Amino acid sequence: MGRQLIYVIAAICAAMTIILFLILTAEPVTNAGGSAHPIFAGMRIGGDGLARLEHIGSLGYAFQALLLSLIVAFATLGVSEKHRTPRLRAYMIAALIFSLFILWQMVSSHLNFIATGETTYFMGFPTPTAWAMYGVWLGGIPLVLIYTLGFRQFIYTDEDQAEFEKLVAESAAEGQETDNNPEEAR
Amino acid sequence: MEAYRQEIILGAVALYMVFCVVTGLWAMRRTSDASDFFVAGRGLGPIVISLALFSSTLSGFGFVGGPGLVYSIGVSSFWMITISTAGYALGFFMVSKRIRMIAELRNCISLPDVLAARYGSEAVRLLVAITIVLGVMGYLATQILAMAVVMQAILSGTAMFADIGLVACVAISSTVLIFYCVTGGIIASVYTDVVQGGIMMVAGVLILLTAMSVFDGGMTEATSIILKDDSEAIMPWGSAGIMASLGWFFVFGLGLAGQPHLVTKMMMNRNISDNRHIFPLSVMGYVLAALLWVSIGIIMRATVIDGVIPPLGLPDDAASVFLSVFTSPLLAGIVFAGLFAAIMSTSDAFLNIGTAAIIHDIPKAIWGKNIENELMWARIVTVILAIVAALFALYSYYADATLVALLGAFGWATFAASLFPVVALGLNWKGATVPGAVAAIVSALIINFGVQLAGIALPYGVSGGLLSFVVSLFLFLSVSLITKPPVLDRDIDRVMDI
């Protein structure tokens, strides 16, 4: 996956645009965005969770899955092409699978709650919300680890540093570094 | 101690403001040219940068608006903060290395400088600078107003300042802000950010511990009370529903890498290799500070539903009522100082990038050269910009809020939609073209302005910010793919290979 990555990103963006269009044109549901609380001014309620997801639930989940894929694709794009090794790709795919697993757990436990009205609690929150709260937060941790632990392997290697220092020295010699003039740098 | 609650809070805030003034004076001695004023001479260490980065991310909105949103719409607003780990990841993977490289190679002092170098286009520089100035005005006005309203609430609780007016509070808070920004520039700004970030982290943890002790059953009892009242409010999508939540997830996640006040700080570190430490430190700081957002909102909604306290007049009162009812005066003092810290750390960052756009980028884009004595003009324009924003804030409060609301649309979402593709993709894809960048910026501005002006409410809680971001990304990619690939400057081309 070298130069094709941008086409993958373009395809994901196109798919997200189409999904957003389908959601905007889907059959509307009253109070899909919530309604005023019957007792407490300033509070809003969600109401019927099943009805709100009836026409757009699957589209919303697909949108979120694509967004998680887009985040990983963007992060991969942020790695220099020469460092996008099979190992990096494996790490990125693992990071995506981890995020998608959290999404799946969150969605399935929420749908289970809607069907049964029963939920367990984890660290202060109903389990579906705990997946959203702690899980989504943790979903980005693999990217933190790839960046931090793989910094000298994928992000900014010793060779990269040497190359940049050489470039700075050459620019200084050419008198480019101070004039900040793109025309002269061509 | 309880009898002196207002005095203790006032003392904590006053102490904090004195610190800001002293820092400004200290930093003035380290500011000798425009590069020092705008990018701290690219000489800052990893701890300073990471604290400055996260404290600028979490503005006064996080301390006041955040808990208010949880009180109002439940879990929906969590999506703005749970995405932060991935959001910072994109900022570091896509922006931090190359923006720092180009800044050093071309001696850039602003984001438009870097983008003009990357695209070889003064049109891109001008468009980005104008977007920044519009956004800065809206952001600054709302932040100054928030600062003044909170200060009035604190001062009016004391016998000495019981009748103090909002204008006086705007004057006091703006004067402190202007003083340290003008004297010390970005150096004062980032070093105050360090203390501001520290206060915010401490406040976040202490508030969480306090919140967990409000109910005997801790947070579980609080969330179960909300669940019994309206299960959707405490379920993953909250009261606002799936698309409103995902809209925030999208805009706040991807959008972080397009915020000019944040990515500009990525130009200021001493060594590129420091990024491996800055990234996790920033994430950790943000997570700790954001605990306040989550815990106050949940507890306030639960206590009102349970009848422990009466309903709030406004959702944004959640934090101040929580502090007055459930915390000790000392903790309330720390959190109020943290609130001022959050507001000021964001305001000074905006003041800095707005000034750079006005005195450096717009003249350069139009006349092709820098103005004489940039440092002097930077100080003058910083004062003018802050005064205009303060007047603007007062006008919106007393006369007509429409204009600020309109410019408020130029907030996070517009920066995200218009600048993320141009910055984050542009720095990593050689095929990104000037027409693509122009299409992305213009479409984002038109959609955000259009939705705001026309007062359009999209179905299923889809926001104008989400729509404009998706369209902007799509246009940036498609227009770049169908237009002729650019010939990059030699040094930029080599940077993009590293």
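Colleague: Is B:D113 buried or exposed, and what is its relative accessible area?
Modeller: The residue B:D113 counts as buried, a term for under 20% relative accessible area, with exposed meaning over 50% and partly exposed lying in between (1.4 Å probe, protein chains only). The model is predicted, so local features need pLDDT of at least 70 and side-chain atom pairs count only at pLDDT 80 or more, whereas totals for chains, interfaces and linings use all residues. Numbering runs from 1 along each chain as its sequence is written, chains are lettered from A and ligands numbered from 1 in the order in which they are written, and side-chain values use heavy atoms, with hydrogens and water left out. For B:D113, the relative accessible area is 0%.

Colleague: With which residue does B:D113 form a salt bridge whose closest N and O atoms are 2.6 Å apart?
Modeller: A salt bridge is a side-chain nitrogen of Lys or Arg within 4 Å of a carboxyl oxygen of Asp or Glu. The partner of B:D113, at 2.6 Å between the closest N and O atoms, is B:R125. Because B:D113 lies in helix α7 (residues 111-119) of chain B and B:R125 in helix α8 (residues 122-155) of chain B, the pair ties together parts 12 residues apart in sequence; helices (H or I, at least four residues) are DSSP runs, numbered from the N terminus.

Colleague: Which residues are linked with B:R125 in a network of salt bridges?
Modeller: Both B:R125 and B:D361 are buried. The network of salt bridges links B:R125 with B:D113, B:E122 and B:D361.

Colleague: Which chain A residue meets B:R494 in a salt bridge?
Modeller: The structure holds 14 salt bridges over all chains. In one of them, the side chains of B:R494 and A:E163 meet at 3.4 Å, N to O. B:R494 lies in helix α22 (residues 490-495) of chain B and A:E163 in helix α8 (residues 158-174) of chain A, so the pair joins two chains. B:R494 is buried at 18% relative accessible area, whereas the residue that is partly exposed at 26% is A:E163.

Colleague: At what angle do helix α4 and helix α16 of chain B pack?
Modeller: The contact (heavy atoms within 4.5 Å) is between α4 (residues 60-73) and α16 (residues 329-367), whose axes are 6 Å apart. It is made by B:G60, B:F63 and B:V64 of α4(B) together with B:V335, B:G338, B:L339, B:A342 and B:I343 of α16(B). Axes are lines fitted to C-alpha atoms over the stretch in contact, with angles running from 0 to 180 degrees between N-to-C directions. For this pair, the angle is about 115°.

Colleague: At which residue does α6(B) bend?
Modeller: Helix α6 (residues 84-106) of chain B is largely enclosed by the rest of the structure, because 22 of its 23 residues are buried. The bend at a residue is the angle between axes fitted to the seven residues ending there and the seven starting there. In α6(B) the bend of about 45° is at B:V95.

Colleague: Where in α19(B) does a kink of about 50° lie?
Modeller: Of the 14 residues of α19(B), 13 are buried. The kink comes shortly before the proline B:P421, at B:L419.

Colleague: Which residues does B:T82 touch, leaving aside those up to four places away in sequence?
Modeller: B:T82 is found in helix α5 (residues 78-82) of chain B. This residue counts as buried at 1% relative accessibility. The residues it touches are A:A132, A:M133, A:V136 and A:W137.

Colleague: What distance separates the C-alpha atoms of B:G74 and B:I298?
Modeller: B:G74 is found in the loop between α4 and α5 of chain B and is buried, at 4% relative accessible area. Residues up to four places away in sequence aside, B:G74 touches B:L69, B:A233, B:S239 and B:R301. Although B:G74 and B:I298 are 224 residues apart along the chain, the separation of their C-alpha atoms is 7.4 Å.
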